[in-house]
Amino acid sequence: MPVFTRFSRPPQPGTPGAEAETERDAREEPEPVPAEVETPAPRSRLAHLRTWRTRHPRAARSVHLTTTVLAAVLVLGALLLPNTLPAVEPDRFARIPAEAVIGAVVMLVLPRRPRLVAAVLYGLGLTALTTVNLLDMGFNEYLGRGFNAALDWDLLPDAQAYVEDTLGGGVATAAAVGAVVLVLLVAAVMVAATIRLADVLSRHRVRATKGALLAGTVWVTCAALGLTLFGGPIASERGAGALRVHAQRTAQSLRDEAAFAREAKADTFGNTPPEQLLPDLRGKDVIFTFIESYGRSAIEDPIMAPGVGRTLDTSTEALAKAGFQARSGWLTSATYGGSSWLGHSTTMSGLWIDNQRRYRTVTAGDHLTLTKAFQKTGAWDTVGVMPGVQKGWPEEKWYGLDKLYDAFDLGYRGPKFSWSTMPDQYALEEFQRRVHGKKRDKPLMSFVILTSSHQPWAPLPKMVGWDELGDGSVFDAIQKAGNKASDVITDTTRSRQEYGKSIQYSVTSLTQWLERYGTDDTVLVFLGDHQPMARVSGNRASRDVPVSIVAKDPKVLDKVADWNWTEGLKPDRDAPVWKMSAFRDRFLKAYGSTPHASGG
């Protein structure tokens, strides 16, 4: 700007010589010193922006229109976003969301400041809606169910631990930070979009009012007539409906917790005297074994079934030559795709434990587990072999285990196979060497959890000679030559193929161990804990898992003849299906236990 003395006046516009004076002042104005330049004040920046709009009207209109359209797309997309990945199709967004019409009306009737507050709150609401939809997608993909705000926050640390064990600590940290950044970014973008749209509505109030009235009329008409497009209703209330479902799910879960706490105190066999528990299995070495992710899809899916079926048939024949017979059926697991401990505890407790809160409730009490029933008799030594346990495990007492062997107690010096700390074959050999093969005064009840078939199914171990296992170093070359977890977990077809191979490996390890080390008094009960994740098992897969009882003594299988299970290790498609929580009581009754209820 020109510099004037204290007593001078700038030439007034329109006076003679004003323009010439202005040009001369502009020519004589010294160059600004960079060191003294200050950041323009907000009002100056706003004035500069207005000047830019004046100088570039077409560009300004284009930017204005583009940002408005993007804001509208973001808001409509958030309101219509499905909560499952398969449902994310373009036709799902060809709807009229009621929440958009109502939001527009609210913005039109509010004065400036309340309108700004309402726009911010609306944007935060869209952020919450988008977040729960994304969580639903993830939970449906891996666990076959939606996210539960009352129960599932406890699973997020486990998810991070799984990523860390599978893909490394750096990836796990990056994923956690990325998730937080994503939520904050969504919040910022959504709030900016709603503020933008609120401003546009207020500046074009007449046309916006007519548009909102027209959209509302169309919505009501479509809703009243039940009009559809691409297989869905044109009049949508997807956003409000999603939040309502989550609110109802949360409230129901909180009520359910109180009811389950009362249920857990009642026990059909809670007061059964020790001498009346499992009399028909006295003298037998009983082994309960869970195979990770061993689900019905492994036996019936077209991709996995041929290989797994051959393994089961071959193993049945090999066991028969060794003198063993088997019976198999189906159990419906309390969990799906993960959270294996829920399947373990449901089977052993006879209670339906389908979430972490229930698990904590029941393991904090004294409800009789099937494994603890063996301990209670005083007729068995009870041992747990859990290569997947890598930290303190207080549930050991609840399960009734005299001794626990975790990942650090089995002497393994070989490589990890993704999440699995050691191959099943090695864990079973160490079980034989440290526990099952030793002479003892009492028979043995063992609780064994095998982990080699845990996702992401890469790299996978392979069978080696039983006499070559040593300290596990023999698996170094196998692990290095295996697939990378990052390559398999992102490929659905390969995931299904490798999953099938992992089940073949685990079943082969277990049945070969039984052929090699089983005795006339060995009774093996093995089953899956849950189906693999939905991307592998299928979007409409059941929660069923196979269960088998194997023994040499024909009297053991005669006790369950009325169960009508299939002969061999592969249950027929129409074999009986029970809830997993029914197994404890059926097993106790089949082998002579007398019910004496407690609690309730």
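Contact here means heavy atoms within 4.5 Å. The model is predicted, so local features need pLDDT of at least 70 and side-chain atom pairs pLDDT 80 or more, while totals for chains, interfaces and linings use all residues. Residues are numbered from 1 along each chain as its sequence is written, and side-chain values use heavy atoms, without hydrogens and water.

**View 1. F587 and its neighbours in the largest nonpolar core**. Leaving out residues up to four places away in sequence, F587 touches L278, L281, F288, L370, F374, V525, I549 and W563. The core holds 52 residues, and F288, F374, I549, F583 and F587 have the most contacts inside it. Another core lies apart from it, with 48 residues, including V308, W330, Y412 and V536. A nonpolar core is a set of buried Ala, Val, Leu, Ile, Met, Phe, Trp, Tyr and Cys residues joined through side-chain atoms within 4.5 Å. Buried means under 20% relative accessible area, exposed over 50%, partly exposed in between (1.4 Å probe, protein chains only).

**View 2. The ring cluster**. Ring pairs link F288, F374, W380, W563, W565, W578, F583, F587 and Y591. Rings of Phe, Tyr and Trp (its six-membered ring) pair if their centres lie within 6.5 Å; planes under 30 degrees apart are stacked, over 60 edge-to-face, the rest tilted. The count is 20 aromatic pairs. One of them, W563 with W565, is tilted, at 4.9 Å centre to centre and 55° between the planes. Both W563 and W565 are buried.

**View 3. Arginines over tryptophan rings**. R296 lies over the face of W330, 4.0 Å from the ring centre. The charged end of R586 sits over the ring of W578, 4.0 Å from its centre. The rule asks for NZ of Lys or CZ of Arg within 6 Å of the ring centre and within 35 degrees of the ring normal.
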